[in-house]
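Look over the sequence and the model below.

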Amino acid sequence: MKICQSCGMPLNEDLFGKNSDGTNNEDYCLYCYEDGRFTVDCTMEEMIDFCVPHMEGMNEEEARKMLNEMLPQLKRWQKA
């Protein structure tokens, strides 16, 4: 299963972000990536804060723990 390389949301074709030429970007979701750029300039910690309330079936502590483990592994947050 593909996941957004910014927020970790599961991806399917309907949720792909768009490149500047209008083609699908299969790395990022439409909420994180539009017209060839990220929709929000934020830190990984700010992304975690934003995502926690949207994590269905988890309490805040579980969601925060999972995101803190997963997001550093994603393409957007890799240290160059």
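## Hairpin

In this predicted model, S1 and S2 make a hairpin with 5 residues between them. Gly22 sits in the turn and has a positive phi of about 90 degrees.

S1 covers residues 16-18 and pairs with S2 in the antiparallel sense. The pairing runs over 3 bridges. In one of them, Lys18 has Asn24 of S2 as its bridge partner.

## Nonpolar core

The largest nonpolar core holds 21 residues. Cys4, Cys7, Met47, Leu67, Leu71 and Trp77 have the most contacts inside it. At least two core residues come from each of strand S2 (24-29), helix H1 (44-51) and helix H2 (60-70). H1 gives the most, with 4 residues.

Leu67 shows how parts of the chain meet. Setting aside residues up to four places away in sequence, Leu67 touches Cys7, Ile48, Cys51, Val52, Met55 and Pro72.

## Cysteines

How many disulfides does the model have? The count comes to 0. A disulfide needs two cysteine sulfur atoms within 2.5 Å.

Cys51 is buried, with a relative accessible area of 9%. Both Cys7 and Cys51 are among the residues that Leu67 touches.

Cys42 is buried, with a relative accessible area of 15%.

Conventions
Residues numbered from 1 in each chain as written. Predicted model: local features only at pLDDT ≥ 70, side-chain atom pairs only at ≥ 80, totals over all residues. Heavy atoms only, no water. Core = buried A, V, L, I, M, F, W, Y, C linked by side-chain atoms within 4.5 Å. Buried < 20%, exposed > 50% of the residue type's maximum accessible area, 1.4 Å probe, protein only. Contact = heavy atoms within 4.5 Å. Pairing = 2+ DSSP bridges.
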